[in-house]
Amino acid sequence: MTAVLSVAGLTVRSGGRTLVHDVSFEVAPGARAGLIGESGSGKSLTALAVTGLLPPGLTATGSAVLDGTVDMVGAPERQRIRARGGVAAVVFQEPLTALDPLMRVGRQIAEPLRRWRRLRGPALDTAVTAALDEVRLPAGAARSFPHELSGGQRQRVAIAMALACRPRLLIADEPTTALDVTVQAEILDLLDGLVRDRGMALLFITHDLPVAARIADRLLVMRDGRVVESGPAASVIGAPSHEYTRTLVAGARRFDAALDLPLPPGNSATPGNSATPGSGTTPGSGTTPGVVFDDGVRKSSDGNAHD
Ligand SMILES: Nc1ncnc2c1ncn2[C@@H]1O[C@H](COP(=O)(O)OP(=O)(O)OP(=O)(O)O)[C@@H](O)[C@H]1O
């Protein structure tokens, strides 16, 4: 089966400095890859290079082929734009970068529907309402401006816009990092369901191992611009081979262990809100990412298995 994304020898440079070194990986149709690594490891530049959106001054070599057809590194801009709409769509950390502050949300969602699915009139209105419904927003949200919505609602709008062209691959670059822990879990759940229902492939970028474990079935670990380890999520986490991955896993386990500590008497705070900044876990909510343990079963900090 042709990979929906096939990256080979991808290298990104800024002048004489190499920021991403010789990265190669594939994402099969319907598969979920998690690109994980600390800040500055080259995750975002990899995502920008494979979508043909590198900022000026940065150059890419190697190849990043979408759907076996368009090389996002070497193809002419026109072909890359078409592939970006029709094959791969991107959701970024900060939804405001994708949204026009002066345009009502409904019109913004209508834009890709008009452009890619050629919808007009009542069919377009119906599709906008359906797109909002799919990301669990009421039809009335169409009349709001971005600043009238919460961060989580804005990210839902950005997801609706990304999905409007029915891409075969969704690239999500830290889509929950800027959100509160409970909202993170909701957005992760939403993405998880949408990707499953549509049979889309996913490239999910995060610095947060439990979040990656929750959503991805394969992991690529990046450090200093290089992929240092990759493989099925259960084995990368259960039996990491690279020293850096071992450090990441140990750190994630420490957070998980911290959540298991009994709360002092009289403290009714929700553990997930206090002890796991950025982990996206909310124990007991049924959406807990948790870490994939050695047996490959996903367990939350309450020790229960979640699927
Ligand atoms: N436009 C740019 N010009 C020059 N260097 C850049 C540019 N953008 C990023 N870099 C550098 O490239 C390296 C990789 O950055 P990148 O944004 O891909 O990391 P990241 O893993 O996504 O981190 P974060 O999660 O903080 O975004 C960093 O050293 C960064 O400083």
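**Notebook: domains, sheets and ligand shell**

I looked up the domain assignment of the protein chain first, and it gives domain 1 as 5–87 + 167–299 and domain 2 as 97–166; such bounds come from an automatic or database domain assignment. I note that this is a predicted model, in which local features need pLDDT of at least 70 and side-chain atom pairs count only at pLDDT 80 or more, while totals for chains, interfaces and linings use all residues. I number residues from 1 along each chain as its sequence is written.

**Where the domains touch**

I found 13 residues of domain 1 in contact with 12 residues of domain 2, contact being taken as C-beta atoms, placed from the backbone, that lie within 7 Å. On the domain 1 side, α2 (77–86) and α6 (181–198) each supply at least two of the touching residues, and α6 gives the most, with six. Helices here are DSSP runs of H or I with at least four residues, and strands are runs of E with at least two, both numbered from the N terminus. By class, this side of domain 1 divides into 10 nonpolar residues, two polar and one charged; Ala, Val, Leu, Ile, Met, Phe, Trp, Tyr, Cys and Pro count as nonpolar, Asp, Glu, Lys and Arg as charged, and the others, Gly among them, as polar.

**The UniProt record**

I checked the record, where UniProt places the feature "domain: ABC transporter", from an unreviewed entry, at residues 5–249; its positions are given in the numbering used here, feature names are shortened, and annotations may be inferred rather than shown by experiment. Over residues 5–249 I read 39% helix and 27% strand, with the end C-alpha atoms 27 Å apart.

**The four-stranded sheet**

I traced an open sheet of four strands in the order β2-β1-β4-β5, with antiparallel pairing, where two strands pair if DSSP finds at least two bridges between them. Which strands stand at the edges? They are β2 (17–27) and β5 (70–71), each with a single partner strand, so one side of each is left without a neighbour in the sheet.

I then followed β4 to β5, which pair in the antiparallel sense over two bridges, Leu-66 having Val-70 as its bridge partner. Their hairpin has three residues between the strands, and Asp-67 takes a positive phi near 55 degrees. I also saw that α1 lies across β1, β2 and β4 (58–66), running at about 115 degrees to β1; axes are lines fitted to C-alpha atoms, for helices over the stretch in contact, and angles run from 0 to 180 degrees between N-to-C directions.

**The six-stranded sheet**

I traced a second open sheet, with six strands in the order β6-β7-β8-β3-β9-β10 and mixed pairing. Its edge strands are β6 (88–91) and β10 (226–232), each pairing on one side only, and neighbouring strands are turned by 15 degrees against each other on average, direction ignored. I found β6 and β7 (residues 169–173) running parallel and joined by four bridges, with Val-90 opposite Ile-171.

**The ligand shell**

I ended with the ligand, which 14 residues surround, the closest being Leu-19, Ser-39, Lys-43, Ser-44 and Leu-45; a residue is near a molecule if its C-beta atom, placed from the backbone, lies within 6 Å of it. Helix α1 (residues 43–50) gives the largest share of this shell, three residues, and the shell divides into four nonpolar residues, nine polar and one charged.

Technical notes:
Two residues are in contact if their C-beta atoms, placed from the backbone, lie within 7 Å.
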